Structures are given as structure tokens and as C-alpha cells.
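Reader: I am new to reading protein models. Please take me slowly through one part, and then show me how the rest compares.

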Amino acid sequence: MHSMAPIVLVLLAAVLVVTLCRSLRVPAMLGYLVVGFLAGPGVARLIPQGEETAFLGEIGIVFMMFSIGLEFSLPKLKAMRQLVFGVGLAQVAATMLLVALAIGWLSGSPLTGLAIGGALAMSSTAIVSKLLTERLELNQPHGQLAIGVLLFQDIAVVPLLILLPAFAGGSDTLWLDLAKAGGKIVVVLALLLFFGQRLVRPWFHLVARQRSGELFMINVLLVTLGVAWLTELSGLSLALGAFVAGMLISETEYRYQVEEDIKPFRDILLGFFFITVGMRLELSVLFEHCGVVLLLLALLLPLKLGVVFGLGRLFGHRANDAMRSALALAQGGEFGFVLLALSMNLKLVPAVMAQAAIAAILISMLIAPFLILYGERITRRLIKQDWMLQSLDLHQMLVASMSKNEHVLICGYGRSGQALARLLETENINMFALDMDPERVREAGEAGDQVVFGDAGKKEVLIAAGLMRAKVVVVTFADTHAALRILHAVREARPELPVIVRTVDDSEMDVLRRAGADEVVAEVMEGSLMLASQALLEAGVPPSRVLRRIRAVREERYDLFRGFFRGSSDEVESLEEAMVPRLLSVQVCGGFAVGQPLGALRLEDLGVEVKAIRRQRARRTDFDASFEIQADDILVLLGTPEQLAQAESRILQGE
């Protein structure tokens with residue numbers, strides 16, 4: 001009979017360590033790596049290291065690659081062909097050659113050098129893509145360069161898996177095997193992209209018409225794992241198939257719904273992948289062969305960093321973008337473990353050398369989040385030219401904004417930003433916009449719009465865009481993390497300047513206001529307000545009264561609309577959403593509250609507001625602290641779930 005104790009202990013360790021990482025603002029994946037190390041065979045031996053655990057970890061990579069595929073489109077991939085098959089091919093070839101020469105010279109075996117060179121040439125797709133996505137850097141130039149190289153690395157694993165056995169077995173048909181592998185890659189991807197484009201959209205239309213969230217979720221899992229399985233059957237990697245599946249769905253209108261549905265599976269399984277990676281680290285190897293580990297680590301981090309940076313510059317990328325990409329790709333990757341395991345089975349690499357390489361890759365993966373986290377700061381110290389280039393960009397931005405005075409500074413030039421710009425234009429109000437999408441900036445700029453490429457979260461960029469002369473700043477995209485950065489920069493430069501921020505719902509309104517937002521426009525609240533106003537007009541309420549009511553609700557900052565009654569169809573998608581204020585009806589059926597004045601309940605001490613009291617089918621809002629509660633009264637309360645639970649207990653039991 002299996003015991004639940006190891007699973008419970010691993011989950012407890014994961015919760016504690018990841019909570020600590022969040023508190024210290026360190027990437028959670030480091031916590032998972034530490035948990036894997038502590039729970040694995042090297043320390044506590046709570047989790048057996050086998051094919052089952054490794055397979056679950058690989059499924060985590062599948063969902064991560066699927067999510068990355070959703071961010072890409074086929075035209076975008078074609079546009080990135082120089083990155084994928086230019087910089088990516090050159091990086092893998094150059095790193096393998098240099099490492100193979102060094103290891104071959106030290107070990108006396110060229111095959112050992114080739115095997116380790118292939119393993120060290122790989123970077124961690126899971127770490128890099130997750131961190132770049134979290135930091136909103138995936139679409140920036142250095143993010144695109146990093147992802148392009150990672151895509152080729154995933155493709156390069158296939159010929160390496162064929163090349164190593166061919167060398168080990170002394171095959172006479174080596175070049176024929178490689179040609180077959182290349183042809184297989186081309187045929188499989190061509191079939192998937194050609195037929196997939198014609199099948200995915202009508203298939204999703206058919207499933208969506210059934211109006212079943214459960215069916216839609218099952219279909220997403222089917223497509224993700226099904227395409228990954230097909231590529232695996234063809235001899236390619238699961239991760240590559242998942243990327244293609246995501247890319248196919250990205251061409252449909254279901255992209256954003258799929259992205260939300262897949263998120264829980266991706267995050268949980270990706271966390272388990274990092275746990276399985278941490279399980280591979282053995283203390284005995286670190287202590288007994290620390291010299292070999294340090295040598296391989298030196299070949300890995302500085303060498304790969306230099307290769308990526310040099311190739312980035314060679315292919316025409318700016319120095320700061322090349323350096324930040326190099327910092328992101330300097331670590332080893334999950335496919336390195338696959339190649340090392342194969343090399344050990346083929347006797348190409350001695351067990352001690354393989355264990356040392358695994359330890360070096362793991363240590364580099366532990367260092368990787370910090371290299372990405374502080375990439376901009378490191379780049380500024382290493383690349384002096386970066387300051388000159390930034391100064392040139394800021395100068396050009398300053399020249400473009402010089403004619404603007406008393407203007408509206410728009411942060412984000414998506415649909416909302418462009419709609420705002422058109423309304424301002426009709427009123428002859430000056431505007432100037434910043435956006436991080438180079439394609440959007442180029443197209444809008446060609447059309448004559450006053451928009452430039454720039455990160456609005458940086459104070460120097462805002463000042464160059466005319467912050468000191470602006471009349472108001474508007475953040476038009478619903479991203480709280482980025483909005484907080486902008487608010488911090490604006491408040492440092494001009495504390496008195498009005499800032500308007502857009503958000504999805506009321507869950508982050510208080511956070512944004514505390515950070516300095518003068519107004520927070522919630523999409524859900526505004527939608528509800530427009531819906532209510534149309535209903536009032538159709539019900540015969542005079543337009544003047546409707547306008548007064550709308551104005552009053554906005555002046556009260558949507559207080560009338562704050563909170564809602566939750567139903568079984570309302571799913572809690574995140575911890576932050578669970579803290580959104582909601583409404584709860586509590587019937588006073590006897591007990592402490594009967595006969596007590598409302599003020600005696602001290603519900604405000606719990607942070608709970610009484611919105612209405614229903615008595616004998618009449619809804620009353622004209623009450624104060626002296627209002628006496630009677631039996632069968634229904635109190636409509638507003639608060640978070642925890643606050644409402646405490647208030648209900650106090651009303652019914654006096655606790």
C-alpha cells in the first residue's frame with residue numbers, strides 16, 4: 001500500500017519554499033529546484049527518480065511551449081527566420097565546436113567532447129520563456145532574439161539524438177541518417193502547418209458551438225497533447241509539436257480563451273518539471289569532483305554568453321540587446337539532460353564526467369533567473385555604448401515631443417490608446433504616445449500618428465516624451481505590474497500630475513490608487529454602467545436623470561457597483577481574484593443580532609459594509625447605526641470572503 005506522506009511532505013516543502021521566494025521577490029522556479037534537490041535521491045529521497053516523474057516534468061515543458069506558440073503567428077515566425085536559422089544555427093554550431101575542442105583536448109576523446117558540447121549548447125526554454133513572459137519582455141528585441149535561438153535549439157535536438165548513436169556505433173550511413181532526419185523535420189512540420197491551418201479553425205468552431213466549457217477544455221488538451229504526440233511519433237520532440245499546436249491556435253479567435261484555460265495545467269506541471277530537475281543534483285559529485293564541475297561551468301556560462309553576444313552583434317543587433325539575450329541564454333537547458341543520459345547509455349561520456357556536466361547545468365539554471373532579473377543593470381555596466389544608444393534614442397524622442405505642450409501622454413498604443421488618440425484629435429487636444437510593439441509603432445508612425453517606441457516604465461523615457469509639460473498621463477493597457485512601474489516613475493518626476501489607469505475589474509483598483517492613480521477605469525464596471533444606462537433609458541427614465549446617475553456613480557468611484565453575488569459558474573482563477581469584494585446576503589433568523597442596533601455589531605471593524613437591509617419584501621438603504629435589527633431581516637454585506645465569514649459569525653452568534 002502506498003503512503004501519502006512523501007507527497008504531502010513534498011507539497012508542504014513546495015508551498016513553504018515558493019512562499020519564501022515570493023516574499024524575497026525571487027523567481028518561484030528557484031524554489032521548485034530547491035524542493036526537488038531536498039526531496040530527491042540526493043537528500044531526503046521522498047520522490048523516486050524514474051521514467052514516470054521525468055515524463056510528468058516533460059509534460060510541463062509541453063504546456064510551456066504551447067503557451068509560447070500562442071504568442072506567435074506564422075507570419076511572425078517567417079519574419080523571425082533570420083533569428084531561428086541564422087543566429088540559432090550559428091550559436092549551436094559555435095558552442096558545440098568550442099566545447100568539443102576543449103573537452104576533447106582534456107579528455108583525449110573527441111566523441112566525449114562532441115556529446116558534452118551538444119548538451120552545453122542547449123539553453124532552458126522553460127526558464128527563459130517563463131521569466132521573459134512574466135517580465136513583459138517577450139516581444140522586446142532581446143526577447144525575440146532569445147526565443148529565436150531557443151526555437152532552433154529545440155529543432156537541433158533531433159539530429160543530435162541521431163548523430164550520437166551513429167558516432168557511437170560507427171555507422172557508415174551517418175550522412176544518410178542526418179539527411180533522413182532533416183527531411184523528416186521538413187515533411188512533418190509542412191504537413192502540420194499546411195493541414196493544421198485548414199482543420200483547427202473549423203474544428204474549434206464546432207466545439208465552441210456546443211457551449212460547454214468542459215468540452216472546450218478537453219479539446220484544448222486533445223490538440224496540445226495530440227500534436228505533441230504526433231511529432232514524437234515522427235522522431236521529433238514533444239516540445240516542438242506543442243509549439244506548433246500553439247502557433248496554429250494563435251491564428252484563430254480562440255487564442256485568448258485557450259491561453260486562460262491552459263494556464264493552471266502549465267504552471268503546475270512546469271513547477272513539477274523544475275522539481276524533477278532539482279532531483280538530479282548529487283552532493284557527492286559537487287564535493288568529490290568540484291574541479292571538473294567548475295571547469296564545465298566556466299565553459300558553459302562565460303563561453304555561451306560570449307558566443308551569443310558576438311553572433312548577435314555579427315547579425316546586426318544592438319549591443320545592449322545582444323548582451324541581454326546572451327545573459328538570458330547563458331545557462332544550460334533541460335534538453336542537455338536528455339543528451340547526457342543518451343551519451344551515458346552509449347558509453348560516449350564517463351559517468352563521472354556526465355554527473356559533473358549535470359551538476360554544472362543545474363548550477364547554471366539556478367544562476368539564470370538572476371542573470372535575467374538583473375540583465376538590464378548588468379548590461380548598463382558592461383556595455384558603455386548602450387548609454388550612447390539610449391541617449392540617441394531619447395534625444396530623437398525628445399525632438400519628436402518638443403513641439404508638444406499641455407498634451408496627453410498616452411502609455412500604450414493598442415486599440416484603447418488609438419481610440420483615445422482619435423477622440424483627442426477631434427477636440428484638437430495634443431497627444432504623444434509610447435508603445436513597446438515596434439511593428440505597431442512603425443505602422444502608426446507611417447500613418448502620421450504621434451507615437452514612438454519606448455518603455456513608459458522608465459523615468460528618463462517619460463521625461464523625453466514630454467512628461468514635464470504634459471497635462472495628464474493615461475495608461476491604456478490593463479496590466480497592473482506595468483502600470484505600477486509607470487505610476488512610480490511619474491510620481492518621482494511630477495507628483496501633482498493626474499494619472500488615469502485602465503484595469504480589467506475592481507480587484508486592483510485600491511492597489512493602483514494607493515500607488516498614485518487619480519482615476520482607475522475598470523472595464524467591467526464601465527460595461528456594467530453602460531448596460532445599466534441603456535436599460536434605464538428603455539425603461540422610460542428621462543435621459544437627464546440617467547446622465548446624473550451615471551455621473552454620480554463615477555464620482556463615487558463605482559461604489560454602487562462594487563461587489564457581486566458569486567455563483568457556481570464564477571470560477572476563482574487566481575489568489576488576487578479571491579480577494580475581490582463581493583456581496584453576501586445574511587438572514588437574521590435569531591441569535592445575537594436580534595433587537596440590537598446596527599452599530600452594535602461593529603461590522604465596520606471587520607472591513608464589512610452594509611449595503612442594504614431587506615425587511616418584509618422592502619429593500620431599505622435609509623438606515624444608520626441606530627437602526628434596530630429584527631428577526632428575519634436580511635443584511636446585504638460587502639467584503640472579501642474572509643471578512644464576510646467573520647461578519648456572518650458575528651451577526652448570528654455574536655462572535
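Predicted model: local features only at pLDDT ≥ 70, side-chain atom pairs only at ≥ 80, totals over all residues.

In what order do the four strands of the open sheet with antiparallel pairing lie?

Author: The protein has 28 helices and 10 strands. Your sheet is built from four of those strands, and their order is β7-β10-β8-β9. The sheet is open, and its pairing is antiparallel.

Look at the edges next. Strand β7 covers residues 582–587, and β9 covers 618–620. These two are the edge strands, each pairing on one side only. From one strand to the next, the twist averages 25°.

Now zoom in on one pair. Strand β8 spans residues 609–615. Three bridges tie β8 to β9, and the two strands run antiparallel. Pick out Arg-615. Its bridge partner in β9 is Ala-618. What holds such pairs together? Strands of a sheet pair through backbone hydrogen bonds, and the pairing can be parallel or antiparallel.

Six strands make an open sheet in the order β3-β2-β1-β4-β5-β6, with parallel pairing. Here the edge strands are β3 (451–453) and β6 (519–522), and each pairs on one side only. Neighbouring strands in this sheet are turned by 20° against each other on average, direction ignored.

Take one pair here too. Strand β1 holds residues 408–411, and β2 holds residues 431–435. Four bridges join β1 to β2, and these strands run parallel.

Helix α20 (residues 415–426) touches β1, β2, β4 (472–475) and β5 (499–503). The direction of α20 makes about 165° with that of β1. Helix α23 (residues 480–493) packs on the sheet as well, touching β1, β4 and β5. The direction of α23 makes about 175° with that of β5.

Now leave the sheets and turn to helix against helix. Find α14 (residues 290–314) and α17 (residues 351–373). Their axes come within 8 Å and cross at roughly 50°. That angle makes α14 oblique to α17. The crossing is right-handed. Which residues meet there? On the α14 side they include Val-292, Leu-296 and Leu-300. On the α17 side they include Met-353, Ala-360, Ser-364 and Ile-367. The contact counts 15 nonpolar residues, one polar and no charged.

Helix α17 has another partner to look at. Helix α7 (residues 125–134) has an axis that comes within 10 Å of the α17 axis, and the two cross at roughly 25°. Angles under 35 degrees count as roughly parallel, so α7 is roughly parallel to α17. This crossing is right-handed too. In α7, the residues in contact are Ile-127, Val-128, Leu-131 and Leu-132. They meet Met-365, Ala-368, Pro-369 and Ile-372 in α17. Here the count is eight nonpolar, no polar and no charged.

Step back to finish. Of the 655 residues of the protein, 47% count as buried. Then take the contacts between residues at least 6 apart in sequence. Among these, 72% join residues at least 24 apart.

Terms used: Residues numbered from 1 in each chain as written. Heavy atoms only, no water. Pairing = 2+ DSSP bridges. Axes fitted to C-alpha atoms, helices over the stretch in contact; angles between N-to-C directions. Contact = heavy atoms within 4.5 Å. Parallel < 35°, antiparallel > 145°, perpendicular 65-115°, else oblique. Left-handed = near helix turned anticlockwise from the far one by under 90°. Nonpolar A, V, L, I, M, F, W, Y, C, P; charged D, E, K, R; others polar. Buried < 20%, exposed > 50% of the residue type's maximum accessible area, 1.4 Å probe, protein only.
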